[in-house]
Amino acid sequence: MRAARPIVDEVADQFTTEPVSVILCDDDGVVLERRTGDSALRQHLDRVWLAPGFSYAERYVGTNGIGTALEGRCATQVFGHEHYVEHLEDLACAGVPIRHPVTGKTLGVIDLTCWRREANALMIATATTLARRIEETLLERSGRRELTLLHDYLAACRRNRGAVLAVSDDLLMMNDRARELIDPGDQVPLLADATEAIRTGRRRQLIVDLPSGATARVTCRPSWTEGGLSGGVLQVQLVSREPVAHRPTAHAIGAALPAAVGSGALWTKCAQTVDRHFRMNEWLVLEGEPGSGRTTLARATHQKHSPAGHVRVLDAASYSPRWIGEVVDELATGGGTLVLRNVDTLPPDGAQALADALEPHRESPELERQWVVATRSRAGVLEDSPELRTLLDRFPRTIEVPPLRHHIEDVAELVPYLLARLTRGAELVCSPEAMRVLMRNRWPGNVEQLYQVLRKVVARRRTGTVRPEDLPPETRAITRRVLTPLEAIECDAIVDALLDTDGNKAEAARRLGMSRATIYRKIRGYGISMPTSDGGD
């Protein structure tokens, strides 16, 4: 809009005495600007809803100069009876897509609309000229950052024969070596970690465990950081990779981690990272939502490597001086695994006492040193006390365990596993219809909630097939479709922003760096239901 508005204003002034309208739309065909000096044409455009806020995408209006130009990604003119909708037959339209000058992404369309009887071949030429002028302005205004990133990317490719990627908030480039070396399923977690590192504005080197079984060393070089946005170049080297024939399948993962079923990318990456730190005997904090599988993952990792080894789980919810004594006894015994659950619920004196108990053992050189894992809820709701921060400093690494809605594809593996466990092997299977219902749930209680739902099902039916009508009422609160992991993360971010702003959508959109129109569209798309603020939006 900033790039196009001065050009639209100038052309509208030139056409002020002509029966023609200059129309600017976004990449969804939604009208953003409509300028005309002809009152009769303006009234007709209002009657056919060719007005700001309405979409002229092909899926709504059929063949027309705006939607068809977007679908065909080329200049398009539609005159009179060529329109699909009858009430547009008195009009003629010429639309040309506007592309980002560096990325080539279609950003919108500029359209000239007039009466059919006034149409001529100059309309498409004029619209094309306007589109090119807008693209030139875009290059002047926003191309600087992309050109800087492109320059750094090409320089890195010349210096390095390995895998090189360039990434920003709306741009991704990779050389042939990166495409050959990095599995498609590995790209999302690799880019997620690297993007966070680039946002710091400092050169960093990361070690990233990938879902395919590979471990990547990633050098992150920021090209620019500005206004919360960033871009930079990644050089990727795979330092280890399991042979393709030995990569873990869903069945292999289920066998290796019998109590931690799942093969989704986020869950697999988390499990592999925990496994690596177990083998190095490095203490960990597993952070995540209740029921997400933090304790299960720690226990399953231990059982994978030491099935007969000693595991002790102590819940901080039952804190007392005697509880601290049990921790001290476990640490003195040595060997095995100690899981300290919910350490963020400890009172300040309890957190300090636990930190003091762990201190003599955390740097112990003994080969049989106990592997200690602490679990806590997601940080950020309340500020950690100084005592809790001192306790967490005893653990060199924190790993986030994803909630079930972020790896919803694993429901298809968890359901048969949990049903078999609940029925002790009886023949009870889940129908595809019931599975679709389960996969469209948000699961705020995570795997524990899924377990309790299936427990209610098994209480009524122990054999046969689970149908949708066998599911308890709580499973009816479903999303409109199965969300991808990235969509689930975005949906969570929107919900958190709405909660932080008491339901004020305009303020939530500002905090998330998106427009009001975008947040309204995503709220509708995700089916988010939130209270609105008293003051406002």
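Arg405 and Glu289 form a salt bridge in which the closest N and O atoms are 2.5 Å apart, a salt bridge being a side-chain nitrogen of Lys or Arg within 4 Å of a carboxyl oxygen of Asp or Glu. This pair links distant parts of the chain, 116 residues apart, with Arg405 in the loop between strand 15 (397-400) and helix 14 (411-423) and Glu289 in the loop between strand 11 (284-287) and helix 10 (294-305); helices (H or I, at least four residues) and strands (E, at least two) are DSSP runs, numbered from the N terminus. Arg405 counts as buried at 11% relative accessibility, and Glu289 is buried with a relative accessible area of 13%, where buried means under 20% relative accessible area, exposed over 50%, and partly exposed in between (1.4 Å probe, protein chains only).

The model is predicted, so local features need pLDDT of at least 70 and side-chain atom pairs count only at pLDDT 80 or more, while totals for chains, interfaces and linings use all residues. Residues are numbered from 1 along each chain as its sequence is written, and side-chain values use heavy atoms, with hydrogens and water left out.

A search of the whole structure finds 24 salt bridges, among them the following.

| Pair | N to O distance |
|---|---|
| Arg405 and Glu289 | 2.5 Å |
| Asp470 and Arg461 | 3.2 Å |
| Asp176 and Arg179 | 3.3 Å |

Asp176 and Arg179 are separated by about one helical turn, because they lie three residues apart in helix 6 (residues 176-181), and both Asp176 and Arg179 are exposed. In the pair of Asp470 and Arg461, Asp470 counts as buried at 14% relative accessibility, whereas Arg461 counts as partly exposed at 30%.
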